[in-house]
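Keep the viewer open and follow along.

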Amino acid sequence: MEFRQLRYFVAVAEEANISRAAKKIFLTQPALSRQIKALEDEIGQCLLERQAHSIRLTPVGEALLREARDLIQHAEQVLERVRAAGRGVRLRVGYAPSLAAGVLSDAVANFTQTHPNARVELFDLSSEEMLAGLEADKLDVALSVGQQRRARGLKWTPLMRAPWQLVVNRNHPLAHRSQVTPAEVAREPLLVFCQRDYPEYWDSITGWLRDHRQRPRIAGEYDGLESLMAAVESGLGVALLTSRTAQRLPKRVRLKKLTAAPEPVCIAAGHRDNRADDKPLAVFVEELRKAALALV
């Protein structure tokens with residue numbers, strides 16, 4: 001079995017027509033038909049059911065299509081890494097600014113000292129965008145809330161734990177309280193990050209209130225920290241954020257401690273399982289870990 005034959009087969013399967021596939025991959029139709037026949041002979045199974053103007057995959061063909069796509073994707077990734085090795089180290093890092101404060105900049109600075117030819121690219125993304133980037137191999141590492149989704153082929157290295165606090169406008173009645181209870185939070189209009197992009201955030205705060213037999217009064221969803229803080233500053237409601245986020249808060253808001261606060265958030269560095277032997281990546285994750293320890 002030759003790799004190019006798999007590419008030809010995928011083209012035929014996706015086009016569902018040998019003539020169109022031949023034009024797509026710049027082969028003559030007879031040449032392409034011979035390659036598919038040779039692949040069938042090698043496997044010893046029929047891959048296509050040929051009809052008048054189209055083709056349909058047999059069950060064996062459908063199984064081969066899944067495997068062939070995976071092999072082609074893996075080969076392209078290997079080729080990209082080999083090319084990257086010739087260009088020098090390249091790291092694509094996704095991060096949430098509200099969690100990365102004081103960690104990411106130090107880690108990047110220390111990493112580039114030991115890898116002066118490295119190119120570190122930073123991307124400000126939501127939690128779900130980071131997960132998608134890791135899974136699609138468009139990111140090398142993500143600095144986010146620690147995940148337990150092992151089925152998605154990702155490994156997470158815990159860096160630190162960040163407690164929760166309530167954020168209010170400085171003129172809000174709760175601004176003068178030393179601590180705020182779950183029931184008091186539930187009575188206020190609650191401003192939150194978008195559930196679609198930050199599902200772990202939603203799970204944490206709604207689960208916490210539910211554990212205390214309270215229901216949140218969601219007054220607005222926001223796609224980032226700046227818009228969320230602008231709403232709190234404007235007196236539209238209150239917000240629950242981690243202590244790491246607190247370093248980026250404007251002057252016109254106040255932080256309040258919570259009684260029976262939610263479990264602290266685990267901030268972690270994530271990468272694909274199959275990158276475990278990537279030494280530059282391992283060095284960068286270690287720099288993130290050391291930078292986080294320095295903040296404790």
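## Ground rules

A residue is called buried under 20% relative accessible area, exposed over 50% and partly exposed in between, with a 1.4 Å probe and protein chains only. This is a predicted model, in which local features need pLDDT of at least 70 and side-chain atom pairs count only at pLDDT 80 or more, while totals for chains, interfaces and linings use all residues. Residues are numbered from 1 along each chain as its sequence is written, and side-chain values use heavy atoms, leaving out hydrogens and water.

## Cysteines

Cys-194 is buried, at a relative accessible area of 14%, whereas Cys-266 is partly exposed at 24%. A disulfide is taken as a pair of cysteine sulfur atoms within 2.5 Å, and by this rule the count is zero.

## Aromatic pairs

Rings of Phe, Tyr and Trp (its six-membered ring) pair if their centres lie within 6.5 Å; planes under 30 degrees apart are stacked, over 60 edge-to-face and the rest tilted. The structure holds four such pairs. In one of them, the ring centres of Phe-111 and Phe-284 are 5.4 Å apart with planes at 85°, so this pair is edge-to-face. Phe-111 belongs to helix H6 (residues 104–114) and Phe-284 to helix H11 (residues 279–295), so the pair ties together parts that are 173 residues apart in sequence. Helices (H or I, at least four residues) and strands (E, at least two) are DSSP runs, numbered from the N terminus. Phe-111 is buried, with a relative accessible area of 0%, and Phe-284 is buried with a value of 0%.

The rings of Phe-193 and Tyr-198 have centres 5.0 Å apart and planes at 35°, so that pair is tilted. Both residues are buried, and together with Trp-164 and Tyr-201 they form one aromatic cluster.

## Helix H6

Which residues of H6 are buried? They are Leu-104, Ala-107, Val-108 and Phe-111. Viewed down the axis of H6, these fall within an arc of 95°, so they line one face of the helix; the arc is that of the directions from the helix axis to the C-beta atoms. An α-helix has 3.6 residues a turn, so residues three or four places apart point the same way.

On the other side of H6, Ser-105 and Gln-113 are exposed. The cover over the buried residues of H6 includes strands E3 (90–95), E4 (119–124) and E5 (141–145), along with helices H5 (97–100) and H11. Contact here means heavy atoms within 4.5 Å.

Ala-268 lies in strand E13 (residues 265–272) and is buried, with a relative accessible area of 1%. Leaving aside residues up to four places away in sequence, Ala-268 touches several residues, among them Ala-142, Leu-143, Trp-156 and Pro-158.

Glu-40 sits in helix H3 (residues 29–43) and is buried at 8%. A polar atom of the Glu-40 side chain lies 3.4 Å from the backbone nitrogen of Leu-48. Beyond residues up to four places away in sequence, Glu-40 touches Gln-45, Cys-46, Leu-47, Leu-48 and Arg-50.

## Positive phi

Most residues other than glycine have a negative phi. Asp-137, however, has a positive phi of about 60° although it is not a glycine. Asp-137 is in the loop between helix H7 (127–135) and E5, and is buried at 11% relative accessibility.

Ala-260 also has a positive phi, near 50°. Ala-260 is in the loop between strand E12 (253–258) and E13, where it is partly exposed at 48%.

Technical notes
A polar contact is a pair of N or O atoms within 3.5 Å; within protein, one must be able to donate a hydrogen and the other to accept it, and residues adjacent in sequence count only if both atoms are side-chain atoms.
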